[in-house]
Amino acid sequence: MSRLRWVVALAAVVVALVVQVTLFPHVAWHGIVPNLCLLVVVAAALTVEAPFALVLGFVAGLTLDLAPPADHVAGRWALALTIAAFLAARVRQDQKPTALAVIGTVAAASFVATSLFALSGVILQDPAMSVVGLLEVVLVAVVWDVLLTPFVLPPLMRLFGRLSPQWAAS
């Protein structure tokens with residue numbers, strides 16, 4: 001079951017990444033698109049055990065770092081999504097989260113991950129990042145991710161739950 005779960009999780013990350021980098025730039029607002037990879041990671045963190053979600057967060061972030069048109073130092077999204085997975089897994093506390101808790105978790109994870117990514121860009125002197133634009137980027141990213149939550153997280157959480165019923169049943 002573990003191998004199948006990894007295959008499904010990696011397939012979900014790849015599909016999310018492809019949609020994120022090919023389709024979503026056409027609906028971007030000021031160049032900011034929804035982070036589907038983050039939503040996959042949060043769905044895993046709310047459904048399965050934390051170590052799986054942490055590794056998935058790192059893998060999803062690394063794929064996001066390396067996927068074209070990446071123009072930043074690799075590892076920034078890997079760090080951000082790993083931290084987001086950790087925070088989302090802490091919310092779970094062995095109880096099935098309510099809809100409000102899921103939306104709040106997505107908002108918090110999006111805020112933290114996008115802030116970490118943007119702040120690391122400022123620290124690493126990324127020319128595309130500025131302190132002035134940080135607030136807008138973070139705010140728009142959180143709104144995008146929360147708007148997509150009802151469409152993306154329920155099916156992903158059901159899928160992850162079916163792949164690890166002993167963990168999701170608690």
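Select Leu-87 to begin: its relative accessibility is 35%, so Leu-87 counts as partly exposed (buried means under 20% relative accessible area, exposed over 50%, and partly exposed in between, with a 1.4 Å probe and protein chains only). Before you go on, note that this is a predicted model, in which local features need pLDDT of at least 70 and side-chain atom pairs count only at pLDDT 80 or more, while totals for chains, interfaces and linings use all residues. Residues are numbered from 1 along each chain as its sequence is written, and side-chain values use heavy atoms, leaving out hydrogens and water.

Leu-87 sits in helix α4, residues 76-92.

**Next, select residues 36-47.** This is helix α2, with 12 residues. Is α2 mostly covered or uncovered? It is mostly covered, with 12 of its 12 residues buried; among them are Leu-36, Cys-37, Ala-45 and Thr-47. At the start of the helix, show Asn-35: one of its side-chain oxygens comes to within 3.3 Å of the backbone nitrogen of Cys-37.

**Now look at the nonpolar core.** Such a core is a set of buried Ala, Val, Leu, Ile, Met, Phe, Trp, Tyr and Cys residues joined through side-chain atoms within 4.5 Å. In soluble globular proteins, nonpolar side chains tend to be buried together. The largest core here has 42 residues, and those with the most contacts inside it are Val-40, Val-42, Leu-56, Leu-81, Leu-153 and Phe-160. At least two residues of this core come from each of α1, α2, α3, α4, α5 (99-123) and α6 (131-163). Which helix gives the most to this core? That is α2, with 11 residues.

Pick Leu-153 from that set. Setting aside neighbours within four places in sequence, Leu-153 is in contact (heavy atoms within 4.5 Å) with Leu-39, Val-42, Ala-43, Leu-46, Val-102 and Val-106.

**Then find the salt bridge.** The count comes to one, where a salt bridge is a side-chain nitrogen of Lys or Arg within 4 Å of a carboxyl oxygen of Asp or Glu. Select Glu-49 and Arg-5: their closest N and O atoms are 3.0 Å apart. The pair links distant parts of the chain, with Glu-49 in the loop between α2 and α3 (50-66) and Arg-5 in helix α1 (residues 2-22), 44 residues apart. Glu-49 is partly exposed, at 22% relative accessible area, whereas Arg-5 is buried, at 7%. Beyond its neighbours within four places in sequence, Arg-5 also touches other residues, including Val-48, Phe-52, Leu-163 and Ser-164.

**Finally, zoom out.** The protein has seven helices and zero strands. Its C-alpha atoms fill a box of roughly 45 × 30 × 30 Å along the principal axes. For 170 residues, a compact globule would have a radius of gyration near 15 Å, and the protein has 15 Å, which agrees (the radius is taken over C-alpha atoms, and the globule rule is 2.2 Å times the number of residues to the power 0.38). Buried residues make up 45% of the 170. Of the contacts with a separation of 6 or more, 74% join residues 24 or more positions apart.

Conventions
Helices (H or I, at least four residues) and strands (E, at least two) are DSSP runs, numbered from the N terminus. The expected span of a helix is 1.5 Å times one less than its number of residues. A polar contact is a pair of N or O atoms within 3.5 Å; within protein, one must be able to donate a hydrogen and the other to accept it, and residues adjacent in sequence count only if both atoms are side-chain atoms.
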